[in-house]
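I opened my notebook today to look up a few places in one model. Here is what I wrote down as I went along.

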Amino acid sequence: MVQVPLKDYSYANARVRAMSARLLEPHVYRELLEAPDYNQALAVLENTEYGPDIEHFMLEGARPTTIDRAFNRNLVRTFSKIKEFFIGRPEELVNALLARWDPYNLKTILRGMRALVPKAEIARNLVPIGAIDLVTLEEIVGQPDLRASIDAMVVLGREWPIPYGRAVMAHLAEYLHEHDLSVLELALDRFHYQELGKILEGKDADAALVREVMVMEVDAVNIATLMRICGLELKEFRAQDYFVPGGTIGDAEEFAKIMSLGQPEQVYERLSHRMPYKDALAGAWKAFEERGESVFEDEMQKHIIKTCLKMSKDPLGIGVIIDFMWRKYLEITNLRIIVRGKSIGLIESQIRKELVLFGEEQKGG
C-alpha cells in the first residue's frame, strides 16, 4: 500500500482507530489465562495479531525470552507504521512521544554490558522505535566492553536528533571516578527531557498534550529518585545533581529542599501535597515498606497510562495517537506477564494479581 504522509491528524487518526480494532478482545485474555499450560497459551497467541511475530522467532525456540522478542518486534512494527502517516509538526510530535525509547535502549545496553549479559540477550531487549535504529544500537552492543560501548555512544550520538553522546561525554569523567552507572543514566534522562522540552515548545493543543505526557514521565523519575536517595549521605554529589528538569518540581533548589526532609515518610507527604498524583502516591506508600522505591515507579507508570487513555477526546488531535500507543503498550505489558506466569506454572489467580490495570483500560477514552 502507498503511504500518504499527512500534515494533520484526520485521516491518520482514522487509520489508527482501525489499528485499535486489532487490539485483543477480552475473550482472548480469558483464553490465555485459562490455558492449562505455557504451550497452550502460546497456541492461543499464535492465532492473534502476534502470530506472525511469534512464528518469525520460533526457530530460536519457544522460550519466554523469545516471545519477548516477538512482542518487541510487533511493537516496533506497529508504532513505525504510525510514524509513516505524518510529515511536518505532527511527525515531530509523534517522534517526541516515541523518543522515550531511545534513553530506554541506551540504558538497557549500559546495564547489560556492565552486568556482562550476553550481547545477543541485550539485543533481544531493545525496542528500536525512537530515533536510534536497531543497526546503530547493535553496533553499540557489539563493542568489546562497557567502556567501548560508552565511547561508541559518544561518537555515534553526534548524529542523532537528540545527541545523547554529548550528555554521556559531559559526565564521563564523573562516571570513571565513581563507576556508578546511575551517573550516566541520570545524565541521559536529564538531557533527553531538556531537549524534548525544546521540541515541545508552543501553545497548540497537540504540543500541550505531548508535553503533559513528558511532565508525568519527568515527575515519575524525580519521585523515584527522591524516594531512593532521601536520607543518604551524598558525599561528593549534591541533591541538585539528581534533579531532572521539566516536571512539576520547579527547580533543583526545590528538589533539594524536599530531599533534605530526610525521612521517606516526610518526603512522601511533601510530594503528596505538592504534586497532582495523590492516589498514585498513596498506593505506592502502602506498599513501600514491602517493595521499596520501585513501587513508586510502578504506581506512577499506572497513573501515566490511565491519564493517556483519557486523552483521545479530540477526534482530530494527537490524543487519539497517544491513547492507542499506551493501549498497545499496556496490552503487551500484560501479555508478557501472562506468558512469563504460564512459563513458571503460576495459576490463573496468581497471574491476574500481577496484571497492570487489567480491565480498567476499557474505562479510558
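Is Leu116 buried or exposed? I found that Leu116 is exposed, with a relative accessible area of 73%. My cut-offs: buried means under 20% relative accessible area, exposed means over 50%, and partly exposed lies in between (1.4 Å probe, protein chains only).

A note on what I am reading: this is a predicted model, where local features need pLDDT of at least 70, side-chain atom pairs count only at pLDDT 80 or more, and totals for chains, interfaces and linings use all residues. Residues are numbered from 1 along each chain as its sequence is written, and side-chain values use heavy atoms, with hydrogens and water left out.

**Entry 1: two loop residues**

I placed Leu116 in the loop between helix H7 (101-114) and helix H8 (119-124). Helices here are DSSP runs (H or I, at least four residues), numbered from the N terminus. Phi of Leu116 is near 60 degrees, a positive value in a residue other than glycine. I reminded myself that most residues other than glycine have a negative phi.

Next I looked up His179, in the loop between helix H12 (172-178) and helix H13 (181-199). Its phi is positive too, near 55 degrees. His179 counts as partly exposed, at 45% relative accessibility.

**Entry 2: two helix pairs**

I learned that two packed helices are described by the angle between their axes and the distance between the axes. Axes are lines fitted to C-alpha atoms, for helices over the stretch in contact, and angles run from 0 to 180 degrees between N-to-C directions.

How do the axes of H5 and H6 cross, and within what distance do they come? The axes of helix H5 (residues 64-83) and helix H6 (residues 88-98) come within 10 Å and cross at roughly 160 degrees. That makes H5 roughly antiparallel to H6 (the word is for angles over 145 degrees). Phe79, Ile82 and Lys83 of H5 make the contact with Val94, Asn95 and Leu98 of H6; contact means heavy atoms within 4.5 Å. I sorted these residues into four nonpolar, one polar and one charged.

For H7 and helix H10 (residues 146-156), I noted an angle of about 160 degrees, with the axes 9 Å apart. H7 and H10 are therefore roughly antiparallel to each other. Here Leu106, Ile109, Leu110, Met113 and Arg114 in H7 meet Leu146, Ser149, Ile150 and Met153 in H10.

**Entry 3: one side of H15**

Which residues of H15 are buried? In helix H15 (residues 252-259) I listed Ala252, Phe255, Ala256, Ile258 and Met259 as buried. They cover an arc of only 160 degrees around the axis, which puts them on the same side of H15; the arc is that of the directions from the helix axis to the C-beta atoms. Helix H14 (205-229) and helix H16 (264-274) are among what covers these buried residues.

**Entry 4: two buried residues**

I found Asn13 in helix H1 (residues 10-20). Asn13 is buried, with a relative accessible area of 0%. Leaving out residues up to four places away in sequence, Asn13 touches Pro315, Leu316, Gly317, Val320 and Ile321.

Leu200 sits in the loop between H13 and H14, and Leu200 is buried, with a relative accessible area of 0%. Leu200 and Leu93 are 107 residues apart in sequence, but 7.5 Å apart in space, C-alpha to C-alpha.

Methods. Angles under 35 degrees count as roughly parallel, over 145 as roughly antiparallel, 65 to 115 as roughly perpendicular and the rest as oblique. Ala, Val, Leu, Ile, Met, Phe, Trp, Tyr, Cys and Pro count as nonpolar, Asp, Glu, Lys and Arg as charged, and the others, Gly among them, as polar.
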